[in-house]
Amino acid sequence: MSAIEATDLFRIYPSDEGAAAALQGLSLAVEEGELVVVFGPSGSGKSTLLRILAGLDRPSAGIVRVFGHDLRTLRGRGLVDYRSRALGYADQHYTRALAPELSARELVGLRLDLLGVEPGESRRAADALLERVGLGDRRDARPRELSGGQQQRVALCAALSHRPKLFIADEPTGELDAENAAQIYALIRALSREAGVTTLVVSHDPESAVVADRVIQIRDGRVSADGGAAVVNRGGWIRIPEELLGATTRARLEPRDGGVFVHTVEAVREEAAPRPPRARGAVVVETLGLGKVHGRGVRATRVFHDLSLSLAAGELSAITGPSGSGKSTLLHLIAGLDRPTAGDVTVLGTSLAGLDDTGLALMRRAHVGVVTQGTDLVPFLTARETIELALALRGMPVDGAAGALAAVGLAELAGQRVARLSTGERQRVAIARAVAARPALLLADEPTARLDEANARAVGALFAELARTTGAAIVCATHDPVLIEHARVDFPLATLAA
């Protein structure tokens with residue numbers, strides 16, 4: 001029996017700027033108990049497909065059934081029962097699932113409590129799941145006391161706690177280091193097998209394919225490859241995997257018995273001349289004996305202590321380390337968005353300890369660009385208006401918006417409203433907003449976590465070039481090896497804070 005049957009799905013979003021098609025005739029079948037990993041570049045329609053399967057959106061045309069439920073017509077009590085009992089959904093925006101006043105144990109057990117499970121059994125199930133993702137000792141912590149990666153693991157456990165028939169996860173390991181990501185994939189695989197859960201995982205991480213029964217590729221709102229084989233869509237439309245094409249943009253087709261032979265036309269590539277090593281620039285940021293403790297008393301958690309480092313102009317630096325090591329906390333302290341428990345931070349020679357909240361805000365406005373893990377964009381503004389607003393608030397000319405969007409590959413979507421963009425596209429808008437002002441210090445928290453490899457490489461190259469040409473100090477907290485390889489300096493946080 002097919003758990004999921006989708007045929008000729010279209011999803012078109014109308015807007016004042018014109019219609020935007022997220023899905024364009026997508027067809028897909030998933031068998032009961034199968035674990036399918038979905039790959040595809042930013043904006044290809046992956047998240048739109050998951051939202052339709054979760055009953056959060058409806059197709060503009062086509063057929064979609066999940067365990068016999070026609071999701072085009074499912075409404076009212078039927079939709080509530082489907083989403084509360086049959087479905088487990090881990091969204092990219094995992095913080096939406098985490099009520100700030102509840103502990104990790106309460107968050108994971110909440111769905112079971114709402115379904116009438118006996119409280120003791122609910123707590124035992126929650127504790128078992130938290131142990132399996134390495135958070136058994138953090139079960140009483142509130143979300144604000146957990147790192148972004150730890151919060152993501154709690155949200156995943158909450159989505160799986162009631163053993164759903166269908167589990168769908170949108171980038172479940174986007175902000176986790178490789179070791180913790182492998183644990184999450186193993187957990188998803190194990191639970192899928194134990195409970196016969198049908199699972200769809202959207203990911204940019206090639207390692208996720210290890211646990212899959214089948215891998216599919218989505219491009220331009222259609223399935224382009226299934227299980228390693230290219231899919232021929234209506235009208236002869238076919239996508240050739242980029243890893244087979246290499247750098248070429250052209251191909252020649254030759255009819256053969258039983259099929260078509262594709263000849264790639266090699267692109268001419270020019271080798272870039274190596275740049276001579278540069279002397280280190282002036283120090284932009286310095287931390288002196290920095291320490292941070294979350295919570296008080298028995299709930300106190302030391303993030304790091306006696307951390308000292310310096311960040312120089314003209315450098316792209318990577319802050320690395322396992323999930324929960326304090327990477328995001330360090331960026332918040334450098335930006336003056338949080339206060340240290342001990343030590344001090346100086347930015348461009350100014351001690352942040354000597355500034356009040358207004359002084360910190362003025363310092364950020366004048367010198368700092370910030371890209372957060374969750375893109376805090378206004379949904380009804382266009383991509384271009386988002387950047388123009390940020391520039392205007394800094395008292396800068398707004399004509400740099402177009403160039404900033406072009407630099408992250410979004411020139412064609414400049415007039416599209418943020419609400420109509422994919423999560424990866426929104427992340428690139430947030431990056432463009434930060435770089436448009438050409439700040440002396442740019443802080444980016446997991447800026448490539450929701451981007452495919454091609455866009456992650458483009459962002460890494462953009463950051464490295466901006467640091468080199470503008471003299472900015474660019475600092476990224478990241479697990480992404482694609483971004484780390486572009487960095488001139490790598491700070492392993494666990495080592496620095498030892």
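**Salt bridges in a predicted model**

Q: Is Lys292 buried or exposed in this predicted model?
A: The relative accessibility of Lys292 is 9%. Residues under 20% relative accessible area are classed as buried, so Lys292 counts as buried.

Q: Which side chain meets that of Lys292 in a salt bridge?
A: Lys292 lies in strand E14, which covers residues 283–294, and the pair it belongs to links distant parts of the chain, 46 residues apart. The partner sits in the loop between helix H8 (327–334) and strand E17 (342–347), is partly exposed with a relative accessible area of 26%, and meets Lys292 at 3.3 Å, N to O. That partner is Asp338.

Q: Where in the chain is Arg339, the salt-bridge partner of Asp357?
A: The closest N and O atoms of Asp357 and Arg339 are 3.6 Å apart, and Asp357 belongs to helix H9, residues 357–367. Asp357 counts as exposed at 59% relative accessibility, whereas Arg339 is partly exposed at 33%.

Q: How many residues apart are Glu194 and Arg163, which form a salt bridge?
A: Glu194 is in helix H6 (residues 178–195), while Arg163 is in the loop between helix H5 (148–160) and strand E7 (166–170). Glu194 is partly exposed, with a relative accessible area of 48%, and Arg163 is partly exposed as well, at 45%.

Q: How many salt bridges does a search of the whole structure find?
A: The salt bridge between Glu194 and Arg163 is one of those present, and others share partners, joining Glu34, Arg214 and Asp226 into one network. The search of the whole structure gives a total of 14.

Terms used
Residues are numbered from 1 along each chain as its sequence is written. This is a predicted model: local features need pLDDT of at least 70, side-chain atom pairs count only at pLDDT 80 or more; totals for chains, interfaces and linings use all residues. Side-chain values use heavy atoms; hydrogens and water are left out. A salt bridge is a side-chain nitrogen of Lys or Arg within 4 Å of a carboxyl oxygen of Asp or Glu. Helices (H or I, at least four residues) and strands (E, at least two) are DSSP runs, numbered from the N terminus. Buried means under 20% relative accessible area, exposed over 50%, partly exposed in between (1.4 Å probe, protein chains only).
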